[in-house]
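I opened a new notebook page for this structure.

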Amino acid sequence: MRATGVRVLALLLATALVLAGCSTTVTGTPQPVGDVAGGGRATGAVPAGLESFYAQTVTWGSCAGYATASTDEQSFADPSLDCTRVEVPLYYADPTGRTASIALLRLRATGESTGSLLVNPGGPGGSGMSLAANLVVPYSATPLAQHVDLVGFDPRGVGASTPAVDCLTDVEADAQRADDDADTSPAGIAQTEQEAKDYAATCSERVGDDVLAHVGTREVVQDLDVIRSVLGDEQLSYVGFSYGTRIGTAYAEKFPANVRALVLDGALDPTASTTEEVVGQAKGFQGAFDAYAKDCAKQSSCPLGTDPARSTARYQALVDPLLETPAATSDPRGLSYADATTGTITALYSPELWRALTQGLTELAAGRGNTLLALADVYSGRDGTGHYTNQDDAFTAIRCVDDPPVTDRAELDAADTAYRKAAPFLDDGRGSGNAPLDACAFWPVPPTSTPHTPQVAGLAPPVVISTTGDPATPYQAGVALAQQLGGSLVTYRGTQHTAFLSGVPCVDDAVFAYLLRLTLPADGLTCGP
């Protein structure tokens, strides 16, 4: 959770480093021109009162102007891609009121299209348009490409969809990142909580409570069903990564009969509480850190040394001084403790990024922080010009309405202690048994869902992919979700976040067979070394 799929993350990292210094173009609402889709009639079942949305006609055209980050501008210019917008109610209980605009990007099938495959990269707050654009090369090499359109969408509030959840200016986002909030004294806790209150109030003022109240997964799955109809698909074929599995699960609950094929990779357990998710993720990242340290130790030049048992202490010795003095960078911001750990976490999503982490830690040992800052910028959606996408603001807004806030201080303090124990490499040594309430505790609108066992009577069996060493979404969460949905579990033995389309033929072939012919993987299918 809280990241794009690993392949896209690696691509974004490479692009961000190459394009540092290029300009950013962010436009308003581009008007598509080109071929028409939808035909003015609804496809499949239509909920009462929503006929005009399900039957709307959309026009596909150039993706120029849709990119909300400079890192996407080049990929969006690919002539094999086109874009459009779908109108949906902001509030489904009042479809005659205010509307939202959902932006879509399509890679057209090379032959006659038999339907669409919709994808979401997770986050929450990740851009599905960016995901689809960055999957052009790997997707084009699959057996799906000839007859299945690949469609990415920016969920409501995210990216090019409007109204967007934009709470902070670029300057304010930089300032927020520079504040480590490491003071756990009563005064420090009070200050951090005041900052959380101020952030919630700023989002309320700049975005509006009517928007914040309706950006959750509850509404996203209703948008997804409108998109399905507008695309002309009787049933939905969908691949969700990370938080995107939550969208898929919620869709299966709301519209079980409308599901044709559902692939959930890097799953969230819908029964888990927020604190359970956070502590589980801490364990996952510690496992990935240990795997990285063991691999790094094979090299005499490893910045963590050649004894993996001492890697956590060596790492802390490198990053803890940043709490007092940021490391020098070519960027005037410098490298803070928070950005150093964020950059580390970014690299732990995939072994493809371990080399960058070694480079970053080696630099830090010499007093420089350029690479770790660049990694942290990718995670935070900041490009080389200093412009941020709205992924962080959207992440908070969606999370705050998707789950009840943690307001019990005893629970919060216990979770903080458990987190530090589960991920000692991220323990700054300043834990006091106290932890501040976060922005969700002060959010201006109530949550719209709670952890529960999904009710999916009538759902065709989906495919759940879970990776044994996934740092962000624990393996057992995938096991649990497959059981809850009556689905088929594919296990990948590895240390990375998500597995589909990441170069694992055993996983990919099983998913292709399912998406093309609805052939479920063999029971107990396990891939990897």
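I count a contact when heavy atoms lie within 4.5 Å. I also note that this model is predicted.

Entry one, a glycine. I looked up G216 and found it in the loop between α8 (209–212) and α9 (217–230). Is G216 buried or exposed? G216 is buried, because its relative accessible area is 0%, and the cut-off for buried is under 20%. I then set aside the neighbours within four places in sequence; G216 still contacts V401 and D402. I also checked D403: its C-alpha is 9.4 Å from that of G216, though 187 residues separate the two in sequence.

Entry two, the sheet. I traced an open sheet of nine strands with mixed pairing, in the order β3-β4-β6-β5-β7-β8-β9-β10-β11. Which strands stand at the edges? They are β3 (81–89) and β11 (526–527); each has a single partner strand, so one side of each has no neighbour in the sheet. I zoomed in on β5 (residues 115–120) and β7 (residues 236–241), which run parallel and are joined by three bridges. L118 sits opposite Y238 in β7. Helix α19 (residues 505–517) packs on the sheet and touches β5, β7, β8, β9, β10 and β11.

I found α11 (residues 274–296) packed with α17 (residues 409–422) at about 10°, their axes 8 Å apart. That angle makes α11 roughly parallel to α17. The contact includes V278 and K283 of α11, and E411 and Y419 of α17. By class, I noted seven nonpolar, two polar and two charged residues in this contact.

Key. Residues are numbered from 1 along each chain as its sequence is written. This is a predicted model: local features need pLDDT of at least 70, side-chain atom pairs count only at pLDDT 80 or more; totals for chains, interfaces and linings use all residues. Side-chain values use heavy atoms; hydrogens and water are left out. Axes are lines fitted to C-alpha atoms, for helices over the stretch in contact, and angles run from 0 to 180 degrees between N-to-C directions. Helices (H or I, at least four residues) and strands (E, at least two) are DSSP runs, numbered from the N terminus. Angles under 35 degrees count as roughly parallel, over 145 as roughly antiparallel, 65 to 115 as roughly perpendicular and the rest as oblique. Ala, Val, Leu, Ile, Met, Phe, Trp, Tyr, Cys and Pro count as nonpolar, Asp, Glu, Lys and Arg as charged, and the others, Gly among them, as polar. Buried means under 20% relative accessible area, exposed over 50%, partly exposed in between (1.4 Å probe, protein chains only). Two strands pair if DSSP finds at least two bridges between them.
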